[in-house]
Amino acid sequence: TCALPICPGGTLRKVKANFTGIPGTNAMYGVDGVNRAYEFDGTIFLNIETEMTVDTPSHIESHRNHLFLSFPGGSLQNSGTGLPLVWSPRTGAAEIGIGDNVTSMKSNGNNTLAVASSRRVSILTGTSDLDWNLRSISDEIGSVSGTMQEAGGQTLFLDKSGVNIIIPTPVTQQD
């Protein structure tokens, strides 16, 4: 076990987001699978404490005013609404079981969050912990770690056979 404030290793993944709504107040959020998630606003570096026993998330995404983190064992978690540093159910933080370790996730312009493991691709719809809905779109393909990207309104990712595309479908009120 590393005794340093920040331990070496892991794979750095980061996302830039603005949870304040004030122009010019973007912050960088990151994970590496070895240390706690963090927020860095250009001046102050803060660890994000989720209260997980092993608090070392491996994937990160900003989606619908929430910060999403993935943890080993198929745990997808979101922060409180507009509160990327707060992981309390009282403020809307939640956990969704994915059924496998998350390998990639990407928020897209269709207000959905694509979440993948090595064997499955799912789409999360909804706006908060009150109406999140995770539905599988494929149980036959999965994503190579960290390969999801958005291009031209479509989500692209690599699996074992090559490039795949998630074609967005309109999200209805029922989703």
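Reader: Is arginine 36 buried, partly exposed or exposed, and what is its relative accessibility?

Author: Arginine 36 counts as partly exposed, because its relative accessibility is 37%. This is a predicted model, in which local features need pLDDT of at least 70 and side-chain atom pairs count only at pLDDT 80 or more, while totals for chains, interfaces and linings use all residues. Residues are numbered from 1 along each chain as its sequence is written, and side-chain values use heavy atoms, with hydrogens and water left out.

Reader: Which other residue forms a salt bridge with arginine 36?

Author: Aspartate 55 does, with the closest N and O atoms 3.5 Å apart, and this pair links distant parts of the chain, 19 residues apart, since aspartate 55 is in the loop between E4 and E5. Aspartate 55 counts as buried, at 8% relative accessibility.

Reader: Where do arginine 119 and aspartate 100 lie?

Author: Arginine 119 is in the loop between E10 and strand E11 (121-125), and aspartate 100 is in the loop between strand E8 (94-97) and strand E9 (104-107), so their pairing ties together parts 19 residues apart in sequence. Their side chains meet in a salt bridge at 3.0 Å, N to O; arginine 119 is exposed, with a relative accessible area of 54%, whereas aspartate 100 is buried, at 16%. Salt bridges that share partners, for their part, join Arg36, Glu49 and Asp55 into one network.

Reader: Which backbone atom does the side chain of asparagine 35 reach?

Author: A polar contact is a pair of N or O atoms within 3.5 Å, where within protein one must be able to donate a hydrogen and the other to accept it, and residues adjacent in sequence count only if both atoms are side-chain atoms. The side chain of asparagine 35 reaches the backbone nitrogen of cysteine 7 at 2.8 Å. Asparagine 35 is found in the loop between E2 and strand E3 (37-40) and counts as buried, at 11% relative accessibility. Leaving aside neighbours within four places in sequence, its contacts (heavy atoms within 4.5 Å) include Cys7, Asp55 and Pro57.

Reader: Which residues touch the most other members of the largest nonpolar core?

Author: Such a core is a set of buried Ala, Val, Leu, Ile, Met, Phe, Trp, Tyr and Cys residues joined through side-chain atoms within 4.5 Å. Of the 13 residues in the largest one, Tyr29, Ile48, Ile60, Leu67 and Leu69 touch the most other members. Strand E1 (13-17), strand E2 (27-31) and strand E6 (66-71) each supply at least two residues of this core, and a second, separate core of ten residues includes Phe68, Leu76, Ile96 and Val115.

Notes. Buried means under 20% relative accessible area, exposed over 50%, partly exposed in between (1.4 Å probe, protein chains only). Helices (H or I, at least four residues) and strands (E, at least two) are DSSP runs, numbered from the N terminus. A salt bridge is a side-chain nitrogen of Lys or Arg within 4 Å of a carboxyl oxygen of Asp or Glu.
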